[in-house]
Amino acid sequence: WKSGKYSAQAAVSFHSLQTVSEEVYVPVKKESLQKKTEASAVTVKNLSNGIPVYFVKGSGSSCVSVNLGLKGGVARLERSTSGLEKALCELLSMSSQNYSAYERSLLAYKTKGSLSCSSYMTGSVLSMNCLSKYFDTVFDVYADSILNPDFNETELKKLYAGYENTVHQESVEPVQQLYKKINDYMFAGHPYDVRSYVTDFSLEGITLDNMKNLYAQVFVPENMFFLVSGDVKEKTVLKKLDSSFGKIKGAGKKTAENGEIPPLTIKSGESIVVKNENARGTAYIGRVFVSPPNTSEDYPAALIASAVYNDQLFNSVRIARSVCYTPSTMVVGSKAPYGMEFLFKVSDFKGFKKALDEAREYLKKGLVITGTDEKGIYVTEPLENMLESYKNKYINSTFHQKQTPSAASQELAYNILQFDDAGHSLKLLDMVRSLTAEQVQSVFIRYWGAEADKWFAVCDPSEAEIIKSVLNSK
């Protein structure tokens with residue numbers, strides 16, 4: 001390697017480095033995938049009051065993860081109380097009647113254990129994670145947090161300050177402002193206009209009285225389920241859970257039902273351009289379109305199309321056309337989702353739309369741009385030649401993401417809250433495996449290529465008129 005013939009011909013910058021092409025196909029043995037699937041098998045037991053407990057096997061870790069799932073989500077909230085369930089769960093994890101915030105910090109330091117929560121449109125999850133040798137200690141804090149809340153006003157003020165800061169950032173930070181504009185537009189008048197997070201129109205609804213009322217509705221056996229993963233015996237966990245949570249009395253019915261969720265629609269009208277001094281000579285631009293729900297047969301193909309198109313945008317919009325610092329695309333995993341093409345830090349205010357149109361047209365024809373030749377002409381590969389590498393990349397990343405007890409339990413919780421099916425993610429992987437290039441291309445044309453779209457931009461005030469004229473031109 002010290003030989004002169006291998007020395008750099010010129011200074012090498014970070015942005016000139018190239019990663020391995022997606023064309024490189026690493027075969028994955030079906031047997032290994034099968035073993036991973038079998039290792040993540042789930043068994044179900046019930047507490048005395050009927051609360052189901054799902055045990056996820058095969059994590060091979062010395063850690064333990066216990067997660068309480070709460071069904072319902074935004075279905076039991078109003079727009080003015082958006083994020084109340086998330087705020088309630090965060091407050092519960094901060095203090096309780098028998099363990100103050102100070103005592104919790106000491107225990108966290110000694111045990112390296114943690115309490116946390118996550119909230120979705122369809123429900124929330126309260127989690128505890130620790131080393132198995134500290135399970136009893138951390139579980140006692142976890143159970144007290146949920147069963148004996150103190151609704152501490154001091155801790156709520158700390159939470160509230162964080163929410164106020166987030167709301168402020170949505171009005172001044174360009175990317176956050178862009179996403180807020182998109183969400184406010186897309187969900188106006190829709191059931192999902194009630195958000196799972198606290199936002200500007202729900203700050204006043206985050207009160208202790210509202211939390212106490214919601215707590216009485218949420219924490220009943222009919223809404224609850226547990227997920228357990230890691231190095232702990234089932235009998236040990238069941239005994240601890242039944243002696244605490246198994247004593248909760250039922251309400252006789254679920255307190256909230258997620259009904260039929262209608263799809264989003266793109267309304268007619270001009271593009272939305274917002275002036276923001278913090279953009280400082282650049283722009284953040286998004287093209288939004290309706291994407292397939294995560295219950296649709298088109299959804300698996302949309303996931304792969306998004307992965308392919310992400311690389312397409314980088315090779316064409318970023319490298320070949322130098323339109324912006326980072327282009328990307330995504331589809332939201334939801335029952336009423338949208339998809340987006342996103343340009344981060346645009347520098348070419350006149351050519352960005354044309355560059356996106358060009359990249360999109362290539363993939364609509366089933367051609368993947370892998371780079372350019374010495375003359376600057378695109379080098380392409382048929383989608384069918386590269387599909388297997390993208391499918392394997394998705395499958396491998398999915399397995400990699402759930403290697404820890406916490407990740408395995410969180411995935412299971414999401415499956416139950418979203419689909420009422422603990423095994424949904426494995427079914428999704430099977431659908432991805434069976435995809436053809438024709439299916440992926442067809443879904444890309446149907447959604448990314450749809451004429452019904454909406455453009456949003458947050459930009460430096462001096463560039464607003466140029467961007468607006470480009471967006472509103474045909």
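Setting aside residues up to four places away in sequence, F226 touches L47, I51, P52, V53, Y54, V66, N67, L68, Y142, L241 and F245. Keep in mind that this is a predicted model.

F226 also turns up in the largest nonpolar core, which has 70 residues. Along with L68, L126, Y142, M211, F219 and F245, F226 touches the most other members of that core. Apart from this core lies another one, made of 49 residues, including A305, L429, V432 and I467. As a bit of background, nonpolar side chains tend to be buried together in soluble globular proteins.

## K454, a buried lysine

Now for a charged residue. K454 sits in strand β13, which covers residues 454-459. K454 is buried but has no salt bridge. The nearest side chain of opposite charge belongs to E270, and that is 8.3 Å away.

So what does the side chain of K454 have 3.1 Å from one of its polar atoms? There you'll find the backbone oxygen of G269. Once neighbours within four places in sequence are left out, K454 is in contact with Y185, I266, K267, S268, G269, E270, I272, G286, R287 and V288.

Is G351 buried or exposed? G351 counts as buried because its relative accessibility is 18%, and the cut-off for buried is under 20%.

G351 belongs to the loop between β10 (338-346) and α10 (352-364). Take a look at R321 as well: R321 and G351 are 30 residues apart in sequence, while their C-alpha atoms are 8.6 Å apart in space.

Terms used: Residues numbered from 1 in each chain as written. Predicted model: local features only at pLDDT ≥ 70, side-chain atom pairs only at ≥ 80, totals over all residues. Heavy atoms only, no water. Helix = DSSP H or I, 4+ residues; strand = E, 2+ residues; numbered from the N terminus. Buried < 20%, exposed > 50% of the residue type's maximum accessible area, 1.4 Å probe, protein only. Lys, Arg positive; Asp, Glu negative; His and termini not counted. Salt bridge = Lys/Arg side-chain N within 4 Å of Asp/Glu carboxyl O. Polar contact = N/O pair within 3.5 Å; in protein donor to acceptor, adjacent residues only side chain to side chain. Contact = heavy atoms within 4.5 Å. Core = buried A, V, L, I, M, F, W, Y, C linked by side-chain atoms within 4.5 Å.
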